[in-house]
Amino acid sequence: HNIFRPILFLIASNVSIVLCQQQDPSSLNGGSALAMTGKDCVALAIDKRFGSGPQMVNISPRRTLVLHSHLMVAFTGLEGDIATLSEELSIQASKLTDRGSSSFLVTSSDNDNRQRRISPKAMSSLTSHVLYERRSSPFYVEPLIVGLEEEPAEEEESTEFSSPIILQKKNNLQLETKQDNVDTIHESISRAKLESSNNKRKKRCRPFLCSQDVIGAQSRSRDFICAGVASKTMYGISEAMWKPDMDRDALLETCGKAFLSALERDCLSGYGATLYLITPDGGIIAYDLDTRND
């Protein structure tokens, strides 16, 4: 009898966990998501299992909202609420873009085509506002806002240019302008100002991660965020594996291994995963990950 006690205890604990998760609407359909930051890049991993409690219903990539090449919103929770919230956020973001509100949008230039698009920080505020409006009957959804925030690059010390007009005193009353080489001075100063403005327009991207609960409480992080039924396991594994300033290859490997290790320890997640990499120059790149299917 002493031999079977650990086995019975393990079975009973797993059954109690499943029963508790079935009582929570946000974990009824399962699913997990993990996002990590690197050096000027962000990785987002999402599993493919869609179930009803312990019963699996379908295997397909989970719904994600792609606003532009530097911003994504991932969702975990009740699938019906996820579809409703995703459509609502898409409509609200389109309205802000069409309206041209400078407080919510950033200007980007790609191949000299200037575009207006919502920033990750503004999208986080918008998502929090939409969720808090429904606090009396909330969406059972935990969104993850993942992207790259554009910010001005560190400017070099600029040289202050004085007026090109050279004045000479004459009899302490009259002023006379010296016009020698004034055109050359004007030309050199205008060229220097143009180069200075071009340097100021150069921007670099900073990773942005924000997770929210069902009423829109924001939690921002500089290293990693996670949500879903396997979030407790992902927190521990990611804390041990994450390193600052990882390059793209190291970020993909670390995020993928941490996510797969967490899926191995949760019965309501898995059956394949999709790993997204957001970069400043390459946009969003998707990778398929193989996981256990049992």
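Relative accessible area defines a residue as buried when under 20%, exposed when over 50% and partly exposed in between (1.4 Å probe, protein chains only). The model is predicted: local features need pLDDT of at least 70 and side-chain atom pairs count only at pLDDT 80 or more, whereas totals for chains, interfaces and linings use all residues. Residues are numbered from 1 along each chain as its sequence is written, and side-chain values use heavy atoms, with hydrogens and water left out.

**View 1. The salt bridge between D288 and K48.** A salt bridge places a side-chain nitrogen of Lys or Arg within 4 Å of a carboxyl oxygen of Asp or Glu. For D288 and K48, the closest N and O atoms are 3.6 Å apart. D288 lies in strand 16 and K48 in the loop between strand 2 and strand 3 (49-52), so the pair ties together parts 240 residues apart in sequence. D288 counts as exposed at 61% relative accessibility, while K48 counts as buried at 16%. Strands (E, at least two residues) and helices (H or I, at least four) are DSSP runs, numbered from the N terminus.

**View 2. The salt-bridge network of D47, R62 and E79.** R62 pairs with D47, their closest N and O atoms being 3.2 Å apart. R62 lies in the loop between strand 4 (55-59) and strand 5 (64-68) and D47 in strand 2, so this pair ties together parts 15 residues apart in sequence. E79 also forms a salt bridge with R62, at 3.8 Å between the closest N and O atoms. E79 belongs to helix 2 (residues 79-99). D47 is buried, with a relative accessible area of 0%; R62 is buried at 9%, and E79 is partly exposed at 24%.

**View 3. The largest nonpolar core.** Such a core is a set of buried Ala, Val, Leu, Ile, Met, Phe, Trp, Tyr and Cys residues joined through side-chain atoms within 4.5 Å. Of its 22 residues, L34, M36, M234, L251, C255, F259 and L275 touch the most other members. Helix 6 (248-263) is one of the elements that each supply at least two residues, and its seven residues form the largest share.

**View 4. Helix 6 and its cover.** Helix 6 has 16 residues and reaches 22 Å from its first C-alpha to its last. Its buried residues include L251, C255 and F259. Among the elements covering the buried residues of helix 6 are strand 1, helix 5 and strand 16 (283-289).

Conventions
Expected span 1.5 Å × (residues − 1). Contact = heavy atoms within 4.5 Å.
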